[in-house]
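Please keep the sequence and the structure in view while reading.

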Amino acid sequence: MSRAAVSFLLAALMLPGATAVDAKPAPRQQQATNSCDAAPPASLKDLLHANPNGGDALSAAIADAVRGDASAAAAVIALAKMANPEQKAAIAIGLVRALQGADPDKARVIKAALGCSDPVTGAMVASLQNQNYAEAGGSNGGSTFFSPGGGGFGPGGALGGGGGIFVSPN
């Protein structure tokens, strides 16, 4: 960060009534549905045993599960915490596939679940989202789910640092 930016931020913090973070707590309903303590059901655990090297079959199963019921994303994130690196990659691909074309409500639920992901899975999802953005020519192609930097999950958001892609809550 440049000296000018640091000076500006320090000056802004010294203004009367200024706060470093002006964030409102999430509504109680959102907090209840976004539990980072979700346990994956046996059917998801069986997917890990059946696909020890990750792969397309695991990615497709994850995408299908989350497309069918976005609330399954929390269990998928919990599953990723038990997975080896190859399985984590397949899970990340499945989650990104589930986000593609998801309606705004499903996208919000999946995004909330991604907030509970381990650093490796989170980085993989963010990287795949960045790749999708680049392949689209740097435009969001009219998508309401992928847009450049500024917040949310990914390199430009609250869970990352510096510009990039996030899944919009709108």
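In this predicted model, the axes of α4 and α5 cross at roughly 150 degrees and come within 8 Å. Because angles over 145 degrees count as roughly antiparallel, α4 is described as roughly antiparallel to α5. From α4, the residues I62, A65 and V66 make the contact, and from α5 the residues A72, A73, V76 and L79.

**The nonpolar core**

- The largest nonpolar core comprises 28 residues.
- I62, V66, I91, L95 and I110 have the most contacts inside this core.
- Two or more core residues come from each of α3 (42-50), α4 (56-68), α5 (72-80), α6 (85-99) and α7 (104-114).
- Leaving aside residues up to four places away in sequence, I110 touches V66, A70, A73, A98 and L99.

**Helix α6**

- The 15 residues of α6 should span 21 Å at 1.5 Å a residue, and this agrees with its end C-alpha atoms, which are 21 Å apart.
- Buried residues of α6 include I91 and L95, as well as A98 and L99.
- Q87 and K88 are also buried in α6.
- An α-helix has 3.6 residues a turn, so residues three or four places apart point the same way.

**The two ends of α6**

- At the start of α6, a side-chain oxygen of N84 lies within 3.0 Å of the backbone nitrogen of E86.
- After α6 comes G101, which has a positive phi, near 80 degrees.

Key:
Residues are numbered from 1 along each chain as its sequence is written. This is a predicted model: local features need pLDDT of at least 70, side-chain atom pairs count only at pLDDT 80 or more; totals for chains, interfaces and linings use all residues. Side-chain values use heavy atoms; hydrogens and water are left out. A nonpolar core is a set of buried Ala, Val, Leu, Ile, Met, Phe, Trp, Tyr and Cys residues joined through side-chain atoms within 4.5 Å. Buried means under 20% relative accessible area, exposed over 50%, partly exposed in between (1.4 Å probe, protein chains only). Helices (H or I, at least four residues) and strands (E, at least two) are DSSP runs, numbered from the N terminus. Contact means heavy atoms within 4.5 Å. The expected span of a helix is 1.5 Å times one less than its number of residues. A polar contact is a pair of N or O atoms within 3.5 Å; within protein, one must be able to donate a hydrogen and the other to accept it, and residues adjacent in sequence count only if both atoms are side-chain atoms. Axes are lines fitted to C-alpha atoms, for helices over the stretch in contact, and angles run from 0 to 180 degrees between N-to-C directions. Angles under 35 degrees count as roughly parallel, over 145 as roughly antiparallel, 65 to 115 as roughly perpendicular and the rest as oblique.
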